[in-house]
Amino acid sequence: MQNIMVTGGCGFIGANFIRFLFEETDFSGRIVNVDALTYAGNRDSLSDIEKQYTDRYVFHKVDICDAPALEELFTSYSIDTICHFAAESHVDRSIVRPDAFVQTNVIGTFNLLEIARKHGDKLKLLHHVSTDEVFGSLGKEGFFTETTRYQPNSPYSASKAASDHLVRAYHETYGLPITMSNCSNNYGPYQFPEKLIPLMILNARDRKPLPVYGDGSNVRDWLYVSDHCDAIWTIMTEGKRGETYNVGGDNEMANLEVVNTICRLIDEILPDKNQDPRSELITFVKDRPGHDWRYAIDFSKIRTELGWQPKESFSSGIEKTIRWYFEHSEWVDRVLSGEYQDWIEEHYG
Ligand code: NAD
Ligand code: DAU
């Protein structure tokens, strides 16, 4: 792998992945970051990488729905590997406006696959980053495995399921060298503050209401983002072509427990005897339609076959994450104000 095209590299996991490749692995090739810079994409998340690795990192503002532009990049940089993160990723937005999800997640993935097929002789691997949400919802018992049947419940998860099926079909039909990962909920630095954890951290800091959907009993399995990046790189370098791997954190928690933990930690970091504990800010709001109750991952395949397992515990990961958001208020303010799009124009042209 010499020339890796990373799609969606200005988003939360993509930016962490690019940073991870440069800083934590022996990868010595070039990364071509292709991102449309939607509201969720922030070039600023990699501004230091952009300065430091001028000969090994390049960014292109390109929409993956624009097939000719993608193909031009594919050929001009002699791409031999694709790691595909680009997606509309937020479930609540998919409920309000599903169209962008079908465009990017289905048509965009299809475009990549077609280019990969056309230049199949040069392609070593296309890794598709997917989600555990394609499997639907669990009750109190059981775990998702790689053979759990697909039963997506939101427009987001249905669009990701469609992309997974296309990726798998291109391997079966055309022999495209693919790998795929279905991962649980990520948290950590650079996550857009619409997702549960960064939203609660920032609202709790500012003593704003903490909106918990339904009764807060829904369960998610939380994985620190660098562990996910490590899993993806492990699959890309050691995974069997044509295979899919479930990735999880072994960290199931009810939403209410997550929010209470964040409140307790912030009370300790920013103590104020004259104020109520931040857990008093919790406000139960109307539930998300079609809200999946529980996700839980059986990741024994990647653990036994490739030797990967998560390194970060939730207690250390969540504290690191809270401190990261407190120490990066400039990044946070720009993202929240939407000004970062103007800032990008000014700084990068
Ligand atoms: P994100 O929303 O933070 O980032 C998505 C990135 O894709 C943004 O930079 C955005 O600008 C870019 N993008 C969107 N549409 C595009 C288009 N048409 N063309 C080019 N770029 C486009 O998402 P994330 O949380 O980093 O998720 C990345 C991937 O990982 C997604 O495929 C998601 O389904 C998957 N995933 C996420 C999680 C999670 O907990 N966040 C868990 C499992 C899997
Ligand atoms: O499981 C992997 C998925 O995790 C990824 O595929 C998605 O891209 C990612 O967004 C995430 O989906 P969720 O819907 O689980 O994440 P979110 O942070 O939106 O919500 C986590 C839980 O918290 C969920 O049960 C809904 C609840 N929630 C969320 C928000 C934003 C609240 O109670 N209040 C909120 O304000």
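1. Helix 8 (residues 225-238) lies across strand 1, strand 4, strand 5, strand 6 (178-183) and strand 10, running at about 145° to strand 5, where contact means heavy atoms within 4.5 Å and angles run from 0 to 180 degrees between N-to-C directions, with axes fitted to C-alpha atoms, for helices over the stretch in contact. Helices (H or I, at least four residues) and strands (E, at least two) are DSSP runs, numbered from the N terminus.

2. This is a predicted model, in which local features need pLDDT of at least 70 and side-chain atom pairs count only at pLDDT 80 or more, while totals for chains, interfaces and linings use all residues. Residues are numbered from 1 along each chain as its sequence is written, and side-chain values use heavy atoms, with hydrogens and water left out.

3. The open sheet is built from seven strands in the order 3-2-1-4-5-6-10, with parallel pairing; two strands pair if DSSP finds at least two bridges between them. Strand 3 (57-61) and strand 10 (244-247) stand at the edges with a single partner strand each, so one side of each is left without a neighbour in the sheet. From one strand to the next, the twist averages 20°.

4. Within this sheet, strand 4 (residues 81-84) and strand 5 (residues 125-131) run parallel and are joined by four bridges, and Cys-83 stands opposite His-127 in strand 5. Helix 5 (residues 99-118) also packs on the sheet, touching strand 1 (3-7), strand 4 and strand 5, and its direction makes about 165° with that of strand 5.

5. Elsewhere, the axes of helix 9 (residues 255-269) and helix 11 (residues 314-327) come within 11 Å and cross at roughly 60°.

Note on methods: Chains lettered and ligands numbered in written order.
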